[in-house]
Amino acid sequence: MRIPGGERVDLSAYDAKATPGGPPDKAAGLAATTLMGERLADLQERLYAASTAGDRRRLLLVLQGMDTSGKGGTVKHVIGLFNPSGCRIRAFKAPTAEERKHPFLWRITRGLPEPGEIGIFDRSHYEDVLIARVRRLAPHGQLSRRYSQINRFEKTLADDGVTVVKVFLHISYEQQRRRLLERLDNPEKHWKFNPGDIEERALWPAYQEAYELALERCSTGPAPWFLVPADRKWYRNWAISKLLLEHLERLDPQYPKADFDVAECRTRLLDMP
């Protein structure tokens, strides 16, 4: 699922319905994801505990993908496996008037996780080389410079103890139509639909090209991109849970040792009436 850095990316070569390395079917996938939950929660607690002793490490999950690819569903089903008090979730929509007064990375920096936390970005700084490219919201030269700015920014994060896990949720054109129609056919999901989604869908080829460029130019050693087939929701959730588990296990955070006399404190407590 890892995108090689610097190599041309052709999204049409990836099957959005595929389940590479995954369980054999939906039932097995749901069961495997549930099983990972306990281990993920344990590692999250250890990561937070380590921060109380000065460990600056934290993890940032960046979710990007076309509308209906499952960014919100991932937050609900995967991040739901963690203790919410140790998570920092930020959804990036169109920049506010205040945010437009600053460089494009300013609002991103303000949403970063603190040491010991797991941060989740529902969309991110990549919007500034995706929709900005498709909608021509910035000059071509400025867009080209942003890829390098993003790479430098993410390397700075990695140098400061942030494990950056960037996931592109790869959904097919046909599956997006089905999910949009489901929203229209269910009054309880009308709030999730925006007529503008149809306009954006008409620009599908341009968005695919913009994503290919971003994946090609910004999959680096400190912050690689991972492509997750997203037509099957159960596989999407399993794959992202697995990615998070692998990265947290690699960090292997440890509970800090007590900086006080444990035996003495225990004796004092037992001696109290």
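My entries follow, starting with the ground rules.

**Ground rules.** I am working from a predicted model, where local features need pLDDT of at least 70, side-chain atom pairs count only at pLDDT 80 or more, and totals for chains, interfaces and linings use all residues. Residues are numbered from 1 along each chain as its sequence is written, and side-chain values use heavy atoms, with hydrogens and water left out.

**Salt bridges.** I searched the whole structure and found 20 salt bridges (a side-chain nitrogen of Lys or Arg within 4 Å of a carboxyl oxygen of Asp or Glu). I looked up Asp160 and Arg56, whose side chains meet at 2.9 Å, N to O. This pair links distant parts of the chain, 104 residues apart. Asp160 is partly exposed at 32% relative accessibility, and Arg56 is partly exposed at 41% (buried is under 20% relative accessible area, exposed over 50%, partly exposed in between, with a 1.4 Å probe and protein chains only). I also noted that shared partners join Arg39, Asp42, Arg46, Glu249 and Asp252 into one network.

Asp42 bridges to Arg46 with the closest N and O atoms 3.3 Å apart. Both lie in helix H1 (residues 26–51), four residues apart, about one turn of the helix (helices are DSSP runs of H or I, at least four residues, numbered from the N terminus). I have Arg46 as buried at 11% and Asp42 as partly exposed at 28%.

**Cysteines.** I found zero disulfides (cysteine sulfur pairs within 2.5 Å). Cys218 is buried at 0%, while Cys265 is partly exposed at 29%.

Conventions. Helix = DSSP H or I, 4+ residues; strand = E, 2+ residues; numbered from the N terminus.
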